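Open the structure in your viewer and keep the selection tool at hand. The tour makes a few stops, and each one tells you what to select and what you will find there.

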Amino acid sequence: MADSPATGVATFCPLCVSRCGARASVTGDSFVLSRDPSHPTGHALCVKGKSASDIFSHPDRLAHPMKRTNPKGAVSPGWQRIDWDEALDTVADRLGTLAEAHGAESVVFSSVSPSTSAIVDSVDWIQRLQRAFGSPNLVASMELCGWGRYLASLYTFGAPVPGEYMPHIESAGCILFWGYNPMVSRLSHATATRAALRRGAQLIVIDPREAGFASKADPWLQVRPGTDAALAIAITGVMIERGWFDRPFVRRWTTGPLLVRSDTGRYLRASDLGDTDGSSAFVAWDEVARHPVVVDPVKRGLNVPDHDRLALAGTFEVETNNGHLRCRPVFDLLAEHCRSMPPARAEEITDVAAGEIERAAQVLWEHRPVAFYTWSGLEQHGGTTQIIRAVNVLYALTGSFDAPGGNVLFSPIPSNIVTGAELLEREIWGKALGIQDRPLGPAQFGFVTGEDFYRAALDGLPYRARALVAFGSNLAMAHGDSARGRDALEQLDFHVHLDHFMSPTAEFADIVLPVAGPFECEGLKIGFETSQDAQSHVQLRAPLREPVGESRSDIAIIFDLATRLGLGEHFFGGSVDAGWAYQLAPSGVTLDRLRSEPSGVRLDLETRHRKYAQPGPDGVPQGFGTPSGLVDLYVEAFIDVDEPPLPTFVEPSLSGRSRPELSEEYPLILSCAKSLYFCETQHRQVPSLRRHSPDPRVELHPDVATPRGIVDGQWVEIVTPLARVRARASVDDSLAPGVVFGEHGWFEPCEELDLSGYPPFGAGSANLNLALAQTPSDPISGSSPLRSQMCEIVPLESSTNSFTT
Ligand SMILES: Nc1nc2c(c(=O)[nH]1)N[C@H]1C(S)=C(S)[C@@H](COP(=O)(O)OP(=O)(O)OC[C@H]3O[C@@H](n4cnc5c(=O)[nH]c(N)nc54)[C@H](O)[C@@H]3O)O[C@H]1N2
Ligand SMILES: Nc1nc2c(c(=O)[nH]1)N[C@H]1C(S)=C(S)[C@@H](COP(=O)(O)OP(=O)(O)OC[C@H]3O[C@@H](n4cnc5c(=O)[nH]c(N)nc54)[C@H](O)[C@@H]3O)O[C@H]1N2
Ligand code: SF4
Ligand SMILES: [Mo]
């Protein structure tokens, strides 16, 4: 691809996680984006970016604040136009009254995911508003979108890997994409991957579909949905058995050598040996001296004379306060655990051939450094935390963590954090919905799952959620069991919804506020994430046209509402510019400079590698942010919540193997994946996008289609124990027979193309989440099993989409 010089106004597309650098040619109210190769994320633009002007010029855009005049549940909400003062004063008044009567925690905030929208401009300020208001509750799809990449990996690495420790694709020897398809979901990673393949990098893709880079991968492992933990454990087992792991790293920087007591299954502590001053310290076994050695997390292993002498295998009798105890190093337990999942057994579970499992282990080892990314394919499962743990442990063994070409922390631009964690008192954090049931899950960080929100709204458990302040987010459709979501929204005493468009969720609001499109307002982005160059880049997006109607940016509404709530002191007296200036201050880059340089400013930052081994301020190595200061292969905290401390495979609970009594009626496995043309539940009203994908689709193998009398393009119903939803069959012989893939997010009509909409709930719906159960969810995180459920596909009689509602 020859690069022509970029012309037009420098900008970036904020519509999804890729944040592609772009140039805009503006004509009147419309504009055309083109790629800007001089921008670190500007090598490509997708069709959504190219249609950005159409998306935000659509006649259905919300233009004025409105209030409901009919009760919830009425056929029409009876929207009545109101002015901004009435709208925001009403919101401030209702929220204040509810907080006074029932506690601020009864007010739940929600946000559309920043991965799928321009809310990235404002999401930090939404959290600040929520916390300044005094509520610990934010519903932001964390359990479906970010838990695995960010928070679950804290248990292994003490840091978000790969969420913040991103794949260093430019220098990787082997790239591993596990349940991640950047060709659809993040173009900036896709272009970097293409370049890496050109220079000869190895690529492994693990995906039930031959999607994205799968056809270029070697190997592509076509895993049965939801069984990825078994696959990861089996690959790890091969690595251990063949010695294909970084032994020095495992000895020095993981809990591999730490001893575990055979009686309690917990780590042996220095205090068990009678050591009184090191109660938090752990114990390993010196193979040469044949005695225990204390490993003190505070000293980050500096107190261990020779790490090479620490045993990784064997059973040792240790003299403790309570007599002799048999103990084994974590690595020995891990090796044994993996031996129980040999490739042949994993093949039966995952449908990946044993030989391919062995080859994957070999490729990973021989092509180090390994850089990996996992996403939705591993997030939306009832066993997500264990799946992620299994992948994290596998990755730890490669020794590539924070090495050049591995997963690294691209140095961020120094900036002030504004998410306001300090504004919420400690005891209020402890009131987050879901924290009692899943204390190790996202609630401890203030992220509430859809399931817990619905329970609080419907059943008042553990207390009643009474109000919702929704920054976008199509809650009723985003979570499994949409009918329950609808019932929960209907129960709320008060709901204010900020959006560009009306949605099945916004329909339940009491007040709807029109939000300016991202190209109608400024947006500050500090760091573009996917490379050091990108992460060194700061840019203030300039508006390309006037806001539609009376719409205002999310951030302007937040600052205004905060002031009306009496929280102005936390919001720079209501000045967005002052807030941005505060964020930017440590970087030395000023707002004035960003306004005069719309293409952004690149700081001179360098990636620092293997920081865990470098001394911190106290002179000892920084280590890892885990209880041991080491990469945790064995998570003791899981024992307290009845979860295994070693990564463990559990058969998906809604599969035919778990529920044989249902398998005749629902013989197929249903998963889903993103569409290239739309973000989640958005964009289907836009003709320039919808024409590429006019109807909801379900992909199925000819062996599924033919016996059911289904032909390619025919309308069918996806039937689950919960509901029936419709889609057009897309027959594809690269799928495994028995596995079908649906698309989440369909409800909108596209009148210009004469394409009908679909009711979000009830007969004739095409909303996949109406048919997907929200539970049983992951016992640790509450993630829903949206990517592995039982279904049947039945042909609809006619091949047209004729239904009436
Ligand atoms: N075009 C577009 N881009 C987007 C979005 C969008 O809607 N459209 N959404 C944004 C958001 S919010 C997110 S979270 C990201 C997500 O980005 P991705 O994670 O790349 O999204 P998906 O395509 O849904 O899922 C990735 C792959 O997981 C596979 N998969 C499904 N089930 C399993 C399984 O059980 N195991 C494994 N190993 N793989 C499985 C699917 O076949 C798919 O190819 O994309 C963001 N970018
Ligand atoms: N079955 C199934 N379910 C899924 C998924 C899946 O792959 N399969 N994916 C899950 C994932 S990963 C995610 S992230 C969620 C996504 O769920 P949500 O975060 O709810 O995302 P969307 O459905 O894209 O958008 C919700 C609303 O936000 C509005 N919006 C967009 N941008 C802005 C903005 O800048 N400001 C404001 N105020 N509003 C805006 C849109 O117009 C839309 O009405 O869905 C989850 N649900
Ligand atoms: S991939 Fe498309 S929607 Fe996402 S930022 Fe780039 S151009 Fe925008
Ligand atoms: Mo997401």
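Begin with His381 and ligand 1: a polar side-chain atom of His381 lies 3.2 Å from an oxygen atom of the ligand. Bear in mind throughout that this is a predicted model.

Next, select Ser671. One of its polar side-chain atoms is 3.0 Å from a nitrogen atom of ligand 1. Then pick Lys674, where the atom to look for belongs to the backbone: an N or O atom there lies 3.0 Å from an oxygen atom of ligand 1. How much of the accessible area of ligand 1 does the protein cover? On its own the ligand has 910 Å² of accessible area, and the protein covers 99% of that.

Now show everything around ligand 1. The shell has 35 residues, and the closest are Asn181, Asp207, Asp228, Phe678 and Arg787.

Helix H8 (182–185), helix H15 (376–379) and strand E25 (668–672) each supply at least two residues. Which of the elements gives the most to the shell around ligand 1? It is H15, with 3 residues.

**Second stop: ligand 3**

Select ligand 3, which sits in the second largest cavity. Its surroundings include Cys13, Cys16, Cys20 and Cys46. Leu15, Leu45 and Leu187 are also around ligand 3, as are Ser18, Arg19, Lys48 and Gly49. By class, this shell has 7 nonpolar, 2 polar and 2 charged residues.

Select residues 724–731, which form strand E28. To find one bridge, select Leu700 and its partner in E28, Val731.

In what sense do E27 and E28 pair, parallel or antiparallel? They pair in the antiparallel sense, over 5 bridges. One pair to select here is Val716 with its bridge partner in E28, Ala727. Follow the chain from E27 to E28 and you will trace a hairpin, with 4 residues between the two strands.

While the strands are on screen, show their side chains. In a regular strand, side chains alternate between the two faces of the sheet.

Terms used
Residues are numbered from 1 along each chain as its sequence is written. Chains are lettered from A and ligands numbered from 1 in the order in which they are written. This is a predicted model: local features need pLDDT of at least 70, side-chain atom pairs count only at pLDDT 80 or more; totals for chains, interfaces and linings use all residues. Side-chain values use heavy atoms; hydrogens and water are left out. A residue is near a molecule or strand if one of its heavy atoms lies within 4 Å of it. On a 1 Å grid over the protein atoms alone, a cavity is a set of points where a 1.4 Å probe fits but cannot get out, and a pocket is an open set with protein on both sides within 12 Å along at least five of seven lines; lining residues have an atom within 4 Å of a point. A molecule sits in a cavity or pocket if more than half of its atoms lie within 2 Å of its grid points. Ala, Val, Leu, Ile, Met, Phe, Trp, Tyr, Cys and Pro count as nonpolar, Asp, Glu, Lys and Arg as charged, and the others, Gly among them, as polar. A polar contact is a pair of N or O atoms within 3.5 Å; within protein, one must be able to donate a hydrogen and the other to accept it, and residues adjacent in sequence count only if both atoms are side-chain atoms. Accessible areas come from the Shrake-Rupley method with a 1.4 Å probe; for residues, only the protein chains shown count as cover. Two strands pair if DSSP finds at least two bridges between them.
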